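Thanks for coming, everyone. Please bring up the model on your screens, and we will walk through a few spots in turn.

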Amino acid sequence: TLSVTIEHIAYHTRSVRAGVDRAFVVADMPFMSYSTPEQSYVNAATLMRAGASMVKLEGGEWLLETIKGLQERSVPVCGHLGLTPQSVHVFGGFKVQGRNDLQAERILEQAIQLEQAGIQMLVLECIPTDLAAKISERLSIPVIGIGAGVQTDGQILVMHDMFGISANYMPKFSKNYLQHSTDMREAVRLYIQEVQEGSFPSDEHSFN
């Protein structure tokens with residue numbers, strides 16, 4: 001999360017773009033690659049040229065000027081709130097965010113600000129289900145959850161977690177779909193099916 005560079009992301013974005021037909025490709029802006037608006041413009045251009053459909057930034061109100069500038073320069077932006085992995089050392093670890101009223105209100109406020117600044121999609125990570133539902137209801141853009149409950153507009157999982165092959169640990173919000181299939185393609189199809197029917201994430205994979 002912290003050691004990856006813009007060159008790494010551009011390389012992988014090109015690789016993904018070469019292998020897809022209709023998929024919408026979102027490229028993460030790496031740690032400290034968007035610390036100023038001007039820096040973000042240069043690095044976002046690199047990722048868009050590599051084949052990204054959209055770039056993703058982690059953070060709240062400090063990014064408003066950057067988001068407006070990117071949007072004005074024809075770069076679609078996805079926001080990311082809650083547990084933002086690039087800030088893991090500030091948070092003191094991978095901890096659920098928004099559990100107290102003050103934190104929850106702050107995340108909701110920032111989500112509204114980000115949409116007003118011009119983001120076209122928002123990722124919510126590791127926040128309580130009721131907060132994610134409230135944000136999804138308030139925003140007009142798609143809200144994608146990871147560890148944010150079933151009431152967001154869509155879901156995302158890290159592939160290695162979905163297949164149970166993560167090197168360190170299995171997050172509470174993840175589910176090993178290879179336990180139910182010996183074929184990775186079938187595991188992905190099962191994940192899609194459960195997301196579409198609303199059976200994943202269940203309470204077991206959510207935070208209250």
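Start at Phe31. Phe31 sits in the loop between strand S1 (26-28) and helix H2 (37-50). Keep in mind that this is a predicted model. Is Phe31 buried, exposed or partly exposed? Its relative accessibility is 38%, so Phe31 counts as partly exposed. Together with Leu2 and Met32, Phe31 makes a nonpolar surface patch of about 260 Å².

Now the aromatic rings. The model has 4 aromatic pairs. Take Tyr177 and Tyr191. Their ring centres are 5.6 Å apart and their planes stand at 75°, so this pair is edge-to-face. Where do the two residues lie? Tyr177 is in the loop between helix H7 (159-162) and helix H8 (184-197), while Tyr191 is in helix H8 itself. They are 14 residues apart, and the pair links distant parts of the chain. Both Tyr177 and Tyr191 are buried.

Tyr191 has another ring partner, Phe200. Here the centres are 6.0 Å apart and the planes are at 65°, so this pair is edge-to-face too. How buried are these two? Tyr191 has 9% relative accessibility, so Tyr191 falls in the buried class. Phe200 has 2%, so Phe200 is buried as well.

Look at Tyr41: the charged end of Arg73 sits over its ring, 4.1 Å from the centre. Then go to Phe207. Lys172 lies over the face of Phe207, at 5.8 Å from the ring centre.

Next, helix H6, residues 129-138. Which of its residues are buried? They are Thr129, Leu131, Ala132, Ala133, Ile135 and Ser136. What do they pack against? Their packing partners are helix H5 (101-117), strand S4 (121-125) and strand S5 (143-146).

That brings us to helix H5, and to Ala117 within it. Ala117 has a relative accessible area of 7%, so Ala117 is buried. What does Ala117 touch, leaving aside neighbours within four places in sequence? The contacts are Leu64, Ile67 and Lys68. One last distance. Ala117 and Asp161 are 44 residues apart in sequence, and 32 Å apart in space, C-alpha to C-alpha.

That is the tour. Questions are welcome.

Notes. Residues are numbered from 1 along each chain as its sequence is written. This is a predicted model: local features need pLDDT of at least 70, side-chain atom pairs count only at pLDDT 80 or more; totals for chains, interfaces and linings use all residues. Side-chain values use heavy atoms; hydrogens and water are left out. Patches are made of residues with over 30% relative accessible area and no salt bridge: like charges are joined within 9 Å, nonpolar side chains (Val, Leu, Ile, Met, Phe, Trp, Tyr) within 5 Å. Accessible areas come from the Shrake-Rupley method with a 1.4 Å probe; for residues, only the protein chains shown count as cover. A salt bridge is a side-chain nitrogen of Lys or Arg within 4 Å of a carboxyl oxygen of Asp or Glu. Helices (H or I, at least four residues) and strands (E, at least two) are DSSP runs, numbered from the N terminus. Buried means under 20% relative accessible area, exposed over 50%, partly exposed in between (1.4 Å probe, protein chains only). Contact means heavy atoms within 4.5 Å. Rings of Phe, Tyr and Trp (its six-membered ring) pair if their centres lie within 6.5 Å; planes under 30 degrees apart count as stacked, over 60 as edge-to-face and the rest as tilted. A charge sits over a ring if NZ of Lys or CZ of Arg is within 6 Å of the ring centre and within 35 degrees of the ring normal.
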